[in-house]
Amino acid sequence: MVCAMKPPFSWLRPEPTGLYIVPADAWIDPARAVDIALVTHGHADHARAGHRQTISTPETLAIMSLRYGVGETGARAVVYGERISLGGGVSATFLPAGHVLGSAQILLEHAGERVIVTGDYKRRPDPTCAPFAVTPCDVFVTEATFGLPVFRHPPIGEEIARLLAARENEQGRCILVGAYALGKAQRVIAELRAAGYRETIWLHGAMERMCRLYQEHGVDLGNLRPVAGVPRAALANAIVICPPSALNDRWSCRLPDPITAMASGWMRVRQRVRQRGVELPLVISDHADWDELTQTIAQVNPAETWITHGREEALLRWCELTQRKARALALVGYEDESD
Amino acid sequence: MERFAALLDALLLTPSRNAKLALLAAYLRETPDPDRGWALAALTDGLDFPAVKASLIRSMMAERVDPVLWALSREYVGDTAETASLLWPDPVSEPLPAPGVAEVVAALGEASRSTAPAVLADLLDRLDTRGRHALLKLATGAMRVGISTRLAKVAFAQAFGVSVEEVEEYWHGQTPPYAPLFAWADRGAPPPRTDLLPLFRPFMLAHPLEAETLNLSEYAAEWKWDGIRVQIAHVSGETRVYSRSGDDISATFPEIAAALSTPCVLDGELLVRGVHQRGTAGGAASFNALQQRLGRKRVSNVMLADYPAFVRLYDLLIENGEDLRERPWDQRRARLEALAARLDATRFDISPVIPARDFDELSEIRARARDEAIEGVMLKRRDSPYVAGRRAGLWFKWKRDPLLIDCVLMYAQRGSGKRSSFYSDFTFGCWNGDPDQGAELLPVGKAYFGFTDAELKLLDRHVRQHTVAKFGPVRETDKSLVFEIAFDSVHASKRHKSGLAMRFPRINRIRTDKPAHEADRLETLRAMIAPENALDRDQ
């Protein structure tokens, strides 16, 4: 008689719309509304509206509530390190991922098997969020947004110094920094403060509420003011932060001869810089670069690595070269280009 | 090298022409000799290091990076030099200080094929990522920072407050690092002499004719021939053939260079004799025939016999040392006609003036023109001097209207340069019958321009969302998107499965409104083959 053994980890199923935890009937970062969703972090491609129950960190729930007004009843807050039961013999623990405020890796345990789903993460120090915790597991489900060896983010201090130097060299102009409204904007501001920049930092309207939320969570961003209604002359030599979409928009016509900067890991590649019409590329990313991805896999040293989204072919190849078992999951819905 | 690398990046990221000019002018003013001369040569394609080619970079990287990781990186970045600059491993020991431009040029110039890998590796070790990129660009000669030779000359003129016409004139006799040119412009030394050498003189160019009509008593009309524009200079017993960019192509067309022995500088269109065409003198063949001759450094006797070249003359710039460029066009034309009668008739004829009484008649003649070697009509002001570049109101080109056909997108590949990492090289096809009766699409051409940046993003997204198969870097789409393709002509071709080759296809419109099965069929495209070629095919 043939014994019908379940293959290992079959209780966690990659579906096109997200990772499905079979015994708990719950999903991680699903791309459509579901009954129970575990959300790694607040970026729109991972945190979608409309789930009956959303389980995440208090910070991520606050971000989602700010964006979509998640009802009190549908939100279940879990602090870092707290182990909760999802039913069906599955438990979940949220661990810091170092990506943005509230971002978490989710450790799932079932029948003696441990799986970590990283969501998005980075390993560089970030004054606006808790650092990534290396945690042992059997299956490590990693992102691969910057999963090519050409992506090596320089130390953020160098990029901030270039921003400040450009401001010094171009008197009378202002520097317009395109940065994602959640995470990147606050990190750039906090790093400017850490570099000793004390002036008012000016914000595009789309940045204000998220910056306030960060400040309410104890992140010191210094003096911030909305740019709306401020006369052009008052913005000479100013630093203005806006969403990337506003960089080449009519909106920026109000600014005094702005130098267009963009804070993104994609700025490492010249033609991407050029495609965006950016004059001052700042290679600043909230994702792990190639070295961080490979080092993290080596440190966690799982029995299997699953790669969710980004440039998975190269990371798969690296796993093959270093004799690690790995597979690519074909999940859709995650923004290939965000960051 | 740091300053040069910073200049390259600044030029790349500065879209405005004026800002590019200011950047380059400042560099030329502030950088000492000979670095600035070598940099100028690098920017204007004046440097060639035979021992360093893109294949050398690839083989050096193959020794240092896993081939799969290299291929994936190269495909994403879209540029070999940049990919290598990003993937070059940090040196094991503390390197020597970064080299200057002149040192780099000297080292690369002395390198042989066998020493080049070590020389290049040493230089790469001594530079940071940006410096490595600048080095590899300089070494392989493809800058792509939006600096044309013309723009470089304008920047040079701007840097030192001299006229761009003088710069154009003196530039061509000089070799890098252009010490006499800088001595003249920067330090007031006498200008280099130009009258003793068969030098290139800048071409006069035309504006496209928009909606206006012109008075033919003020403008003369000539055919615009579909070959390559050339200048032939014969001075002191030496002849040079120059392309539009000023490249010396004498070796590619030796029969032309050998046929001229009158001291003069001529402007004309280089064409290939159409052996298949009827007519007594033998007309000009299509551009397809000329293409067989282009880009060859050496020409076989078979090539010379099968595709004999000749020049259809447009203008006379200098005759017997007398510079005619300030004279009005009709005077130069009279001198040209007199001179052309004395030249070797197998290699030179004159582009006739079209005998149209008025503009309406000219329109009719243009519409009736079926000769494949005709690209359109030129209109030249009868009193126009021969001036470098495009000056408003003097010369106009009035191209033939393009042909149009609806094709279906079949395959896409990532582009390079500005379009890198976007799916922007498109292969499209037509139906080989009735699609409702099981007909298939056959590729008929490729295009990678004609769309706006916004459309490029839309097309890139379409390709990503509609991929049905991948073959290496090529994605096959679900063949649901229709393009309206504009092209200049179509020819029978044995090289293509469809049996057809388009000339100069570009995407005219994206027809999201049109279902794929309503796209055109091969027979429609085949019917657009110009009559002479169609005849060939039947014979």
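Predicted model: local features only at pLDDT ≥ 70, side-chain atom pairs only at ≥ 80, totals over all residues.
Trainee: How far apart are their axes?
Mentor: The axes of H2 and H10 in chain B are 8 Å apart. Angle and axis distance together are how two packed helices are described.

Trainee: And which hand is the crossing, left or right?
Mentor: Right-handed, as H2(B) passes H10(B).

Trainee: Which residues in H2(B) and H10(B) meet?
Mentor: From H2(B), they include B:Leu21, B:Leu24 and B:Leu28. From H10(B), B:Leu151, B:Val154 and B:Phe156 are among them. By class, this contact has 10 nonpolar, one polar and two charged residues.

Trainee: New topic. What sheet do E2, E12, E10 and E3 of chain B form?
Mentor: An open one with mixed pairing, in the order E2-E12-E10-E3. Its edge strands are E2 (207-208) and E3 (219-225) of chain B, each pairing on one side only.

Trainee: How do E10 and E12 of chain B run, parallel or antiparallel?
Mentor: Antiparallel, joined by five bridges. B:Val377 stands opposite B:Trp398 in E12(B).

Trainee: Which domains does chain B have?
Mentor: The domain assignment gives domain 1 (204-399) and domain 2 (403-536). Their C-alpha centres lie 33 Å apart.

Trainee: Over to chain A. What order do the strands E1 to E6 take in its six-stranded sheet?
Mentor: The order is E1-E2-E3-E4-E5-E6, in an open sheet with mixed pairing. Strands E1 (12-15) and E6 (75-77) of chain A are the edges. The twist averages 25° from one strand to the next.

Trainee: What about E4 and E5 of chain A, parallel or antiparallel?
Mentor: Parallel, with three bridges between them. A:Leu38 stands opposite A:Ile55 in E5(A).

Trainee: Which helix lies across E5 and E6 of chain A?
Mentor: Helix H1 of chain A, residues 58-68. H1 runs at about 135° to E5(A).

Trainee: Last one. How many residues does each chain give to the contact between A and B?
Mentor: Chain A gives 18 residues and chain B gives 21. On the chain A side, H5(A) gives the most, with six residues. That side divides into eight nonpolar, three polar and seven charged residues.

Methods:
Residues numbered from 1 in each chain as written. Chains lettered and ligands numbered in written order. Domains from an automatic or database assignment. Pairing = 2+ DSSP bridges. Helix = DSSP H or I, 4+ residues; strand = E, 2+ residues; numbered from the N terminus. Axes fitted to C-alpha atoms, helices over the stretch in contact; angles between N-to-C directions. Left-handed = near helix turned anticlockwise from the far one by under 90°. Contact = placed C-beta atoms within 7 Å. Nonpolar A, V, L, I, M, F, W, Y, C, P; charged D, E, K, R; others polar.
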